[in-house]
Amino acid sequence: MEGEDTEHGDGIDESDDSTSAGTTESSRANSGSGRENSEHDEDLATQMSLGSTDGSTDGVAGPGADVTAGHPEEASDDPRSAAGRRPGDASTVDLDSVVLDDEEGSHGLFDDLLSGEPIFENKEVLRPSYTPHELPHRNDQINQMATILVSALRGETPSNILIYGKTGTGKTASAKFVSQELESTSQKYDVPCEVEYINCEVTDTQYRVLAQLANKFIEKNEAVIDERLDRLRRLLDDVEGMSGPSALADTEFGSAADVEEEIASLEADREEMEAVPMTGWPTDRVYSTFFDAVDYHERVVVIMLDEIDKLVEKSGDDTLYNLSRMNSELDNSRISIMGISNDLKFTDFLDPRVKSSLGEEEIVFPPYDANQLRDILQHRADVAFKGHALTEDVIPLCAAFAAQEHGDARRALDLLRTAGELAERGQADTVEESHVRQAQDKIELDRVVEVVRTLPTQSKIVLFAIILLEKNGVRNINTGEVFNIYKRLCEEIEADVLTQRRVTDLISELDMLGIVNAVVVSKGRYGRTKEISLSVPIEETEAVLLSDSRLGDIENAQPFVQARFDN
């Protein structure tokens, strides 16, 4: 050991004299700044410790250790060598060799997904909520609506309109398009005309409809008052300033006191306006607040009630009766109702007085055919996708699929959008026919999942019994077999057991929904029976059923399925 130490010491002594001289000069130069050097050395030692990755102790020198032992050439070549260092300093690790993490080269979760070229230019164009600037194949219906509503621009009360048509036939889009045109034209000619849209599938009670309308008009009234107050205050400043009374020359005011009185009146009106809470008020108070709000100043109001049949189904026709009779009581405003419905027969349940006043004008939207759907999709695709993102067969295939389902344009747009999303997720350059077929399967599965999820509990138990029979290899299932398994399942979750006749009715309802296929077949002298089979994927449907908290325990309770041989 002593020999090794002597050899190491000789290594330092035999180095260039300039190194020793440098050591002496460095010591003198740093004698007055020992604290700074110490802090610097501590930081350097920390960096070198972090830079050591092999687990060795080369990065740190112990007290009194010879940091250049065995490396005399590094002592003379590296300015950060033993020269200028005191015992206890960090070892001489070349900082240039320390490799930090390359943050720029690291890949996050979304980097690979963003690496491909996007297919969409504006995906929102394919959403049902988007109102296009042009609606192909709906010019007749749009012109009919415009002919009825143009009287609003003359300050007259338009006739009430009822719009009928199946889902996806362009009813709401056309009505919104006409409404936007009506409001923009009213601003152009400075005519007070407003359109208020309410979705009755969400706002489905009389209280909510009246409260929402009241709050919208209160908000607009407050904006009108604030704007008028600003003008009057500026006018009052002019009267009290250099302009004097001459500032009132072209106004309806005779003096500054008249202006102040009008300001006080407006401020009092502003103070009295109180927003309607979503619950808690008597309905007659909500109606009174809405009445006062809409009649605050002169205007023609078109109230658009989308899914109006849902409002009638949930809360009767009281709302429609009150709205349709308001014009006889209003002093300043006029109200027109535009109802939109998928149900052609919903007026059969209305009071005859409401029916006569509400259905003054009726407009029917027929389903689209395949060629019309193709035009609609092409019109939207030109805006929604980047150039050459679709192969030639994509739009015709989407149109054909949607035309098979009653000409639903919403369905066609969903199909095209989903196909584009699937292509984008697969980092494909173009949307192809295979993506459309994948989208068709995905949308169909999503629809099945939603239908099964919202079934009543008893229907879910019946469906689960059918699934268990199919999973155990039973084919051509009959109603008796379903009922036997159904009873076992009800006992398992302590649910009420319905009669076999009622279970048969539930099977028929599942058949109408397209979840099962139930066919009545003749067994000759053994009579007639229903043969039942599933029309939906077993695994996905079973997963949806087991997600129900009440049916979740069935997973580990597989009832006995009696083996059966088919002749």
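Tutor: Surface first: the chain exposes about 32,300 Å², with carbon and sulfur atoms supplying 47% of it (areas come from the Shrake-Rupley method with a 1.4 Å probe, and for residues only the protein chains shown count as cover). Keep in mind that this is a predicted model, where local features need pLDDT of at least 70 and side-chain atom pairs count only at pLDDT 80 or more, while totals for chains, interfaces and linings use all residues. Residues are numbered from 1 along each chain as its sequence is written, and side-chain values use heavy atoms, with hydrogens and water left out.

Of its 567 residues, 38% count as buried, meaning under 20% relative accessible area, with exposed being over 50% and partly exposed in between (1.4 Å probe, protein chains only). Of the contacts (heavy atoms within 4.5 Å) with a separation of 6 or more, 73% link residues 24 or more positions apart.

Now the pairs you asked about. Side chains of opposite charge can pair when their charged atoms come close. A salt bridge here is a side-chain nitrogen of Lys or Arg within 4 Å of a carboxyl oxygen of Asp or Glu, and that rule gives a count of 29.

Let's zoom in on helix α16, residues 409-425, which holds Asp414 and Arg417 three residues apart, about one turn of the helix. Those two form a salt bridge, with the closest N and O atoms 2.9 Å apart.

Arg231 is partly exposed, as its relative accessibility is 40%.

A further pair is Asp204 with Arg208, whose closest N and O atoms are 3.2 Å apart. At 13% relative accessible area, Asp204 is buried, while Arg208, at 38%, counts as partly exposed.

Charged groups also meet rings here. A charge sits over a ring if NZ of Lys or CZ of Arg is within 6 Å of the ring centre and within 35 degrees of the ring normal. Arg285 has its charged end over the ring of Trp281, 3.5 Å from the centre, and Arg138 does likewise with Tyr368 at 4.1 Å.

For contrast, look at strand β2, residues 193-199: five of its seven residues are buried, so the rest of the structure largely encloses it. Its partner is β3 (residues 299-306), running in the parallel sense over seven bridges; strands pair if DSSP finds at least two bridges between them. Along that pairing, Tyr197 stands opposite Met304.

How values were computed. Helix = DSSP H or I, 4+ residues; strand = E, 2+ residues; numbered from the N terminus.
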